[in-house]
Amino acid sequence: MLKQKQFILFLLLIFLCCNTVAALAADLKYTLSMPEPHTHYFQVEVELTGARKNHIDYKMPVWAPGSYLVREFAKNVDSFTATDKAGITLRSEKIDKNTWRVYSNKADAVRVKYNVYAFEMSVRTSFLDAAHGYVNGTSMFMYPDGFQNQSGTLVVQPYKDWKKVSTGLKSTGTYTYTFPNYDVLADSPLEIGNHEVLFFEAGGVPHEVAMYDEGNYEPKRLLADMKKVVEECISLMGELPVDRYVFIVHNLHKGGGGLEHLNSTTLQTSRWNYGTETGYTNFMSLVAHEYFHLWNVKRLRPAPLGPFDYDKENYTRLLWVSEGITSYYDDLITRRAGLMEPQRYLDVVAGSISSVENTPGNKIQSVSESSFDAWIKYYRRNENSNNAEVSYYTKGGVMGQLLNMEIMKSTKGEKSLDDVMRYMYDRYYKKLDRAFTEQEFKEALERAAGKKFDDFFRDYIHGTRTPDYNSYFEAAGLRLVDLNKDVLNLNWGAGTAMENGRMVIKSVSRGSSAWEGGLNVNDEIIAIDGYRVEDDIKPLISGRAIGEKLPVTVSRDGKLLTLEVPIVEDKNVRYRLERVENPTALQQKIYSKWLKLKEV
Ligand SMILES: [Zn+2]
């Protein structure tokens, strides 16, 4: 026990120590303003106090987490300036494509200002016009290098009479927000304007829905159904790790897609999409997809996906888990929430399998390679992409289906992929607080199924073999039927577009007539078998016999030539999932549990 005098000295010492630490710690404040929204320019000010360094590097991220492409956000930055506390200019220079070095000479406070041109309406970028502003953090906020773990504040100064700011950031006052580190600032998009804000509660947590612009949604029904989807996700994963969640919805003339964030998401949809059953269900699947990411990828994540390196590509071979299995669950959750009829869901599943099997690239690229090369392939498609690539979304979703069926089959319906996702989340996010490896995901699958998945990973994840689908779906009393089986079609394989009255080839599908006959992208099709082509080639090729050679006259780089194009049989599948007659009790049990049906 300390005596009183010693105790006072001790307290004084602690006070002095804390004060020294406080004086050394930095303070970081961002201010975002938009005084002339019609010019599409945001103004950003970053004030760093207490750093006292010889120089500070300010870096603009090159990519947005969740969208695996280097987008070079620095290209939209101009008018960068730096001053000290007294407003005296500090020398600065660009030292590479996305880094501005400020020679701060141990100044206590450094204030950096720059403008960002924001006129790309997508969930991954920022946008500003006379109607509203949208900010996706990585395309707006630079970070002082070395201060990524620094907490700070963001002050938003909305344009004139704009009254609303919707964001997942924690509010501490009017248009004032805090963030614990740069990752959270960058991962919390903002919608600024006079949009409609709706609310619902789910899992005991408030959910805010910021609706930019009109749409033919009926608010009451929309919120009730979003709540069903959200509750289904929470029940699947066992808990909700946020105390507030924000949906930013952009209702646009044309648009689709979403981007996941830590405790919010941005969704884009066509504004009249809510009026049809398909459009409405697709929107709910999008809600389910981005909300499920709240666990899968934002918290349960493969090794390179957090903490992020904002300076370059972050490679992973596991996007088929992070995106593919999320795609598997988006429709399934919509089904389980009662917003999609069972047969409609089965049609969606069969459609995904057909799509994978009809993509020639599925035999060239594995889903693991597709994940790794997202940066240079999936996000940078060209006319040959279908011939050389497979989507880690679609194929990853199909892999999720098969893994789920295999686990349900080998445990007689006791366990499913749901248990694996919960286990992975509990173990790697909650208990170990770290990213997971492919081996660890495979072991979790094996743990649930009580069997090895070596062959599955070798053949379907790292390989390009075609699974025997029916051996998987049989577990749920389902049969995959190819409706094209007895139909004889020809596989022409040249995708075309009309340009100034000319029919121009835009893609050539591997193994098709066009491919075998040497037709090229950019060829203009002039005539087939001596007949002039107008705007439809179907009448000129239909009814031709398989193996027949057809003279096709094209203009290639201004020269006329005639090629002998063989008619090739169409091997594309058109799958439908059907229930078997008289399913066993176990098949019925698995089917009902999978789709969450009360009775069969
Ligand atoms: Zn996704």
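User: What is the relative accessible area of serine 79, and does that make serine 79 buried, exposed or partly exposed?
Analyst: This is a predicted model. The relative accessible area of serine 79 is 48%. Exposed would need a value over 50%, and buried a value under 20%. Serine 79 is therefore partly exposed.

User: In which strand does serine 79 lie?
Analyst: Serine 79 is not a glycine, yet its phi is positive, at about 60°. The strand that holds serine 79 spans residues 77-84. That is strand 4.

User: Where is the place of lysine 106?
Analyst: Lysine 106 also has a positive phi, near 60°, in a residue other than glycine. Strand 6 covers 99-102 and strand 7 covers 109-117. Lysine 106 sits in the loop between strand 6 and strand 7.

User: How many helices and strands are there in the protein?
Analyst: The C-alpha atoms fill a box of roughly 100 × 65 × 45 Å along the principal axes. The secondary structure of the protein comes to 16 helices and 28 strands.

User: Of the 600 residues of the protein, what percentage count as buried?
Analyst: Among contacts between residues at least 6 apart in sequence, 68% join residues at least 24 apart. A residue is buried under 20% relative accessible area. Of the 600 residues, the share that passes this test is 53%.

User: How is helix 4 oriented to helix 5?
Analyst: The axes of helix 4 (residues 277-292) and helix 5 (residues 319-336) come within 8 Å and cross at roughly 130°. Roughly antiparallel would need an angle over 145 degrees, and roughly perpendicular one of 65 to 115. The angle therefore makes helix 4 oblique to helix 5.

User: What is the handedness of the crossing of helix 4 and helix 5?
Analyst: Helix 4 brings Thr281, Met284, Ser285, Ala288, His289 and Phe292 to the contact. They meet residues in helix 5, among them Glu323, Tyr329 and Ile333. By class, the contact has five nonpolar, six polar and three charged residues. The crossing of helix 4 and helix 5 is right-handed.

User: Which residues does proline 304 touch, not counting those up to four places away in sequence?
Analyst: Proline 304 is in the loop between helix 4 and helix 5. At 27% relative accessibility, proline 304 counts as partly exposed. Asparagine 314 is ten residues away in sequence, and its C-alpha is 5.8 Å from that of proline 304. The residues touched are Asn314, Tyr315 and Thr316.

User: Is leucine 339 buried or exposed?
Analyst: Leucine 339 is found in the loop between helix 5 and helix 6 (342-357). Its contacts beyond four places in sequence are Asp225, Lys228, Val229, Thr281, Met284 and Thr334. Its relative accessible area is 17%, so leucine 339 is buried.

User: How far are the C-alpha atoms of leucine 339 and valine 70 separated?
Analyst: The two residues lie 269 residues apart along the chain. The separation of their C-alpha atoms is 37 Å.

User: How are helix 9 and helix 12 oriented to each other?
Analyst: Their axes come within 12 Å and cross at roughly 155°. The cut-off for roughly antiparallel is an angle over 145 degrees. Helix 9 and helix 12 are therefore roughly antiparallel.

User: Which residues in helix 12 do Lys395, Met399, Leu402 and Leu403 in helix 9 meet?
Analyst: Helix 9 passes helix 12 in a right-handed crossing. By class, the contact has six nonpolar, no polar and one charged residues. On the helix 12 side, the residues met are Phe456, Tyr460 and Ile461.

User: What covers the buried residues of helix 12?
Analyst: Helix 12 runs over residues 454-461. Its buried residues are Phe456, Phe457, Asp459, Tyr460 and Ile461. Their cover includes helix 5, helix 7, helix 9, helix 11 and helix 13.

Technical notes
Residues numbered from 1 in each chain as written. Predicted model: local features only at pLDDT ≥ 70, side-chain atom pairs only at ≥ 80, totals over all residues. Heavy atoms only, no water. Axes fitted to C-alpha atoms, helices over the stretch in contact; angles between N-to-C directions. Helix = DSSP H or I, 4+ residues; strand = E, 2+ residues; numbered from the N terminus. Parallel < 35°, antiparallel > 145°, perpendicular 65-115°, else oblique. Left-handed = near helix turned anticlockwise from the far one by under 90°. Contact = heavy atoms within 4.5 Å. Nonpolar A, V, L, I, M, F, W, Y, C, P; charged D, E, K, R; others polar. Buried < 20%, exposed > 50% of the residue type's maximum accessible area, 1.4 Å probe, protein only.
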